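Here is a short report for a reader new to this structure. Take a look at the model before reading on.

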Amino acid sequence: MYNTHITEKQFKNLVGIVHKVSGISLNESKKSLLKARIAKRLRATRINSISDYIQLIDQDKDEFDNFIDGITTNHTYFFRENKHCEYIINTMDPSKSLKIWSAASSSGEEAYSIAIQLIENHFRFEIFASDISDTMLEIAGRGIYPLDRVRAVPKQLLHKYFQKGVNHSANKVKVKPEVKTHIRFGKYNLVTAPPPKAEYDIIFCRNVMIYFDLPTKQKVMDDMWTALKTGGYFIFGQSESIVGIKTPLKTISPSIYQKR
Ligand SMILES: C[S@@+](CC[C@H](N)C(=O)[O-])C[C@H]1O[C@@H](n2cnc3c(N)ncnc32)[C@H](O)[C@@H]1O
């Protein structure tokens, strides 16, 4: 039996660790979520108290990564918020080679969706797809997904760019190598890593800022400015807000900004 009772001190300790490492703010309302996710890790590690678990993540780097993996929300799917990609296709010059960063790519669906559409529209491009989570990056690298993740992919593109699984994998699809070849997956922590300098034409940083507090959002926005080429676009999720953030980026639409 696992004792998942968290004292106030332990909760604050864990919240501090999560914030320091990932920038994610967990307030009191997230306590039950945190407890549920820790309970899962307790079962997986066969440790039966939170105080022992806190000691473990202090000493064991792999379990520490598992803990952060368990705390982050990785929900994503193919062709999510696809208006952004349509904007890029309608605005950018396909003859120029584009460098794109999918900066919290989770299990890879975002990067593959962008790649498929840019290939379709004869763009030259490369994508760096990054995330804080090793588990998500592993899934992304495999490129194998259950059918419910590709529901929003138009049928014709599904047939063209995915292989259908057979036998016990009949409910799965695999991204074809011609799409994969445009993407490099790698670990990158938006909160602790230094930003690349003026490298990118487009940065997608969607549905991750929503978990950050204001100072962390400000740091990420400043880094995005540094990482963009002049004329480049910064894109975040449609349900996210950057109210209160100071940035020299110019607003194109509520979730698309440009460095001029
Ligand atoms: C909800 S997913 C967003 C996936 C995709 N961008 C989308 O819009 O569908 C959020 C991702 O942000 C990642 N994440 C959280 N904190 C991060 C950090 N500090 N640095 C990089 N990635 C982070 C999580 O691991 C998760 O995969």
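## Pockets, helices and domains

Helix 7 (134-142) and strand 3 (144-146) each supply at least two residues to the lining of the second largest pocket. Helices (H or I, at least four residues) and strands (E, at least two) are DSSP runs, numbered from the N terminus. Strand 3 gives the largest share of this lining, three residues.

This is a predicted model: local features need pLDDT of at least 70, side-chain atom pairs count only at pLDDT 80 or more, and totals for chains, interfaces and linings use all residues. Residues are numbered from 1 along each chain as its sequence is written, and side-chain values use heavy atoms, with hydrogens and water left out.

The second largest pocket holds about 250 Å³ of space. It is lined by 14 residues, and the closest to its centre are Thr-76, Tyr-77, Pro-146, Asp-148 and Arg-149.

The largest pocket has a volume of about 530 Å³. Its lining has 32 residues, with Thr-73, Ala-104, Asn-207, Val-208 and Tyr-211 the closest to its centre.

A pocket here is an open set of points on a 1 Å grid over the protein atoms alone, where a 1.4 Å probe fits, with protein on both sides within 12 Å along at least five of seven lines; lining residues have an atom within 4 Å of a point. Grid points are joined across faces, edges and corners, and a volume is the space filled by probe spheres set on the points.

Ala, Val, Leu, Ile, Met, Phe, Trp, Tyr, Cys and Pro count as nonpolar, Asp, Glu, Lys and Arg as charged, and the others, Gly among them, as polar.

Which domains line the largest pocket? Domain 1 (8-71) and domain 2 (83-258) each give at least three residues. These bounds come from an automatic or database domain assignment. The C-alpha centres of the two domains lie 28 Å apart. Across the boundary, 10 residues of domain 1 are in contact (heavy atoms within 4.5 Å) with 12 residues of domain 2.

Now to a helix pair. Tyr-53, Leu-56, Ile-57 and Gln-59 in helix 3 meet Lys-61, Glu-63, Phe-64 and Phe-67 in helix 4. The residues of this contact divide into five nonpolar, one polar and two charged.
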